[in-house]
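Dear colleague,

My notes on its local features follow directly after it.

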Amino acid sequence: MASLDEKWKAVVKFESVVVDRERDVVRVTEELYDLHKGRKQLRGVTSSCDYRLTIPFAPHLFGSGKTTFARTYLELVQRFGETFLSTFASDPSRRTFLEKLKRASLLYADLRELKPTVPIEFFRNLKWAVYYLLYRSACNQMGLPFMKPDEAYRHIPPYPSFLIPELQKTLGIPSDQYLLIAFDEVGVFDTKATFFELEKNDKGVVRPYNDFFGIISQLCEEPDLFFIVVGKSKGLSIKNDVAFGLSRVILHFIPLSPLDASSIVEFLERSLLKTPTQVPVCNVLCSSSFSVNELADSLLECTGGVPGLLTRAVNMLLNYIIARNQPFISKEECLTCMNDYDFRRICAEPFVERILNLDEDRKSVFDLLLMMALYRIPFKVDDRLTSESFLYDAVTEMGLYRYPIDQNTLQILIPKVFVGIFKKDPSISSLEKILLESLDVEPVDCFFYSKCRVFEGIVALRLVLMLSSKNRNELRELFCQLSPIWKQMKLPISSVSPIHYMKSVVSSRETRNESNKSRRTFANTEWNKIIRETLYLETIYIPLDATSHSPDIIFQLQSPVEPKVLTVGVACKGRWKSEGIGWSDIIDEAKKFLYPVYDQVLSSAVDSHHCMLIIVSTKLSLNVSNELGNQSRCYSSGMFIGNDSFKVPDNCELVILCERDVEMLIDEEILNGLERAFHVSHNPTFWDFGLDLLDRIRNSFLSWQ
C-alpha cells in the first residue's frame with residue numbers, strides 16, 4: 001500500500017490560467033495612467049503639485065497570486081482591453097495610453113537576488129545594487145550574457161539616464177515604448193537591510209523601504225517607465241512613512257481577492273493537463289455524476305479560493321486521480337479526500353510557516369481575529385488594534401488572508417486547509433480551538449451582516465462553554481432548578497465541541513441557489529428526520545439560514561440512563577422591538593418548534609424523548625415580566641400560557657429566562673455594544689464594534705473555559 005506522502009503529492013500536473021483579475025487590472029491601469037499624466041510634476045517641469053507618485057503594490061502572502069499577477073498584468077491588459085477596460089478608455093488621452101500599454105514590455109526583477117556588489121566604493125550602495133539587478137534581470141530575460149559588476153559600472157553609472165537606455169537596448173525595445181518593471185519579493189528588506197548603507201531619520205532609525213521607493217521615485221521621472229511592486233513584508237506596514245504621507249511615494253494596494261465559485265469553474269475549465277492531449281483538468285477530476293460546479297464548491301470550501309492553495313490542491317487531486325485511474329464520482333468523495341488531515345497538512349505546509357512562529361504580541365490577538373472571521377466582521381484599511389498597530393498589518397503578519405469587500409473594506413479569510421495544522425500547535429488555547437473548529441464546519445458563510453445572527457453566535461458559543469465546563473456554573477445550576485428533565489441529563493458534556501451548522505428548516509418547495517445548483521433543505525414537516533439523523537448528541541447547532549421554521553440554536557443532551565434524550569431549542573430575541581417580547585412572540589416560537597416536534601417525534605417516542613424550548617430575550621414586555629415576577633420560569637407539560645392560548649405538549653417544557661438571568665449568557669454591555677454597532681450600519685465593521693466590545697465578548701468566552 002502506498003504511504004501517505006506517496007498518496008498525496010503536489011507534483012505540478014497542469015498549466016494554470018489567470019482568472020478573475022478584472023477589477024485589479026482596472027485599478028492598476030488607473031494608477032499607471034495617473035503616473036503617465038503626472039510625470040511632468042515629478043520632474044518639476046510644471047509648478048502644479050496635485051500629483052503624488054503612487055506605486056501599485058500587493059503586500060499579500062504566499063499563494064495570493066501576486067507574482068502571477070505581476071508577470072501577467074500586460075497580458076491581462078490585452079485580454080480586457082475591449083471589455084473591462086473600455087470604460088477606462090472613454091476619452092482620447094486614456095485610449096491612446098491604453099493602446100501603448102498593450103504594446104508595452106515587461107521586465108521582471110526578483111529582489112531575492114539583490115546583493116551588495118563591486119566596485120568597492122559602491123559595495124553597500126543600495127541604488128547601484130538595484131540598478132545592477134535590473135540590468136542583469138534584463139539580460140537573463142533575453143538569454144544574453146551580462147557584464148560583471150565592475151565592468152557594468154563603467155558603462156552604466158547609477159543614474160537613470162544611463163540605466164534606461166541600457167535596459168531598452170538589452171530588451172530590444174524602442175525608446176518610446178512603454179516599459180513596465182515588476183519588482184517581486186520586496187520583503188527581502190526585512191532581512192537584507194543590514195547589507196546596505198541606508199539613510200537614517202532624525203531619530204537614527206533606518207527605514208530601508210523609504211530608500212528603495214526613493215530609488216523608484218527617481219526612476220519614475222523618466223518617460224515611458226512604470227512600476228509594480230509585490231511581496232510579503234513585515235517591515236512595510238500599511239501606515240508607515242512610505243505608505244502614507246511622509247515620503248515621496250504612496251502605495252496603492254492591489255486587492256488580489258480570492259476566487260469565487262464561478263471563477264474557480266472557469267479556472268478548472270481553462271487550465272489544461274501537461275500532456276500532449278492537453279485535457280481540461282475538470283475532465284480528469286469529474287465523472288458524469290460529479291459536476292465541475294460541485295468540484296469548484298469543494299475547492300472553494302477547503303482553500304477559500306486563495307489561488308496558490310487552489311493550484312496546489314488541484315495538483316494533489318490530479319496526482320491522486322491519475323494514480324488510481326478513476327475520477328471522483330461525488331462531492332462527498334472529493335471532500336473526504338480534501339478533509340483528510342494529511343491532504344490538508346501537505347497542501348498547507350508552504351503557507352503556514354509565519355503563523356506557527358508568531359511572537360507573543362501577535363499570538364495574543366489570534367482569538368480576536370478568529371472571532372472576526374467566524375462572525376464575518378469586516379474591517380477598514382485604517383482600523384487600529386493599538387496606537388502603534390493596525391489591524392491590516394496584524395492580519396498580514398499572522399499569515400492570514402484578506403477578502404476585499406470594497407476598496408477600503410476587507411474580511412479576514414482563514415482557509416479550511418489551515419485549521420488542522422493550527423489545531424496541532426501546542427500554543428493554541430481551548431477557545432481558539434473551538435473557534436477554529438467552528439470555522440472548519442460547512443458552510444463558511446453562516447454568519448452575515450445581521451445583529452441577530454451575531455447575537456445568536458455569541459449565545460451559541462457561550463452555551464458550548466456552559467455545557468462543557470467542569471467548573472461550577474450558575475446558569476447550568478439554574479436550569480437544573482427550573483427543569484426536572486434537564487436535571488436528569490448528563491452534564492457537563494464529555495468534550496468541548498465547535499458550533500455546527502444545520503441545513504435550513506424551510507418549506508420543502510424552497511431551495512437555495514448555490515453556484516448554479518439547488519441544494520435541498522429540510523422541510524418543517526421533517527423534524528423526525530432532523531432529530532434522528534442530523535442532530536448529534538452534545539453538539540451545538542445553528543441553522544444555516546435564518547428562517548421562521550426553526551429555533552435559532554438547537555442541541556441534544558442525553559441521560560446517563562439510556563435512552564432518554566432531551567432536544568433543546570433556543571430562541572434568541574434581542575431588544576430590537578422597543579416594546580419588548582410579548583406573549584404572542586413567545587407562543588409563535590413555541591408553536592413552530594414544540595408542536596411539530598411533539599407531533600412528529602414525541603407522540604410515538606413514549607418517555608424516551610423530551611423537548612425543551614428556551615426563550616432568551618434581552619427585553620421582555622411588561623405583561624410577560626409581571627407574570628414571571630421578574631424571575632426565570634419553566635412551564636411543564638399540560639401548563640397554559642398567554643391567557644390559556646397555548647398548552648405545553650406532553651414531554652415538553654418551555655423555559656423563559658428573565659432579563660437578569662439572560663445576562664449569564666450575554667451581558668448588558670455586549671448587548672448595548674451590538675445595538676450601537678448595528679445602529680450605525682447594517683454591516684458594521686471592526687471600527688463600529690470597537691476593540692473594547694470585541695475584547696469583552698472574548699473575555700466572556702474565556703470566563704467559562
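The model is predicted, so local features are given only at pLDDT of at least 70 and side-chain atom pairs only at pLDDT 80 or more, while totals for chains, interfaces and linings use all residues. Residues are numbered from 1 along each chain as its sequence is written, and side-chain values use heavy atoms, with hydrogens and water left out.

Backbone geometry

Most residues other than glycine have a negative phi, and most peptide bonds are trans. The peptide bond between Leu 491 and Pro 492 is cis, with omega about 0°. Pro 492 lies in the loop that runs between α23 (484-487) and β13 (499-502); helices (H or I, at least four residues) and strands (E, at least two) are DSSP runs, numbered from the N terminus.

Asp 224 has a positive phi, near 65°, and is placed in the loop between α9 (208-219) and β5 (225-230). Its relative accessible area is 16%, which makes Asp 224 buried (buried means under 20% relative accessible area, exposed over 50%, partly exposed in between, with a 1.4 Å probe and protein chains only). Leu 256 also has a positive phi, near 45°, and sits in the loop between β6 (250-253) and α10 (261-270). Leu 256 is buried, at a relative accessible area of 2%.

Helix α28

Helix α28 comprises 13 residues, 668-680, and spans 19 Å from its first C-alpha to its last, close to the 18 Å expected at 1.5 Å a residue (the expected span being 1.5 Å times one less than the number of residues). Its buried residues are Ile 670, Leu 671, Gly 673, Leu 674, Ala 677 and Phe 678. Viewed down the axis of α28, these fall within an arc of 160°, so they line one face of the helix; the arc is that of the directions from the helix axis to the C-beta atoms. Arg 676, His 679 and Val 680 are exposed on the other side of α28. At the start of the helix, a side-chain oxygen of Asp 667 comes to within 3.1 Å of the backbone nitrogen of Glu 669.

Asp 661

Leaving aside neighbours within four places in sequence, Asp 661 is in contact (heavy atoms within 4.5 Å) with Leu 475, Leu 478 and Ser 632.

Yours sincerely

Terms used:
A polar contact is a pair of N or O atoms within 3.5 Å; within protein, one must be able to donate a hydrogen and the other to accept it, and residues adjacent in sequence count only if both atoms are side-chain atoms.
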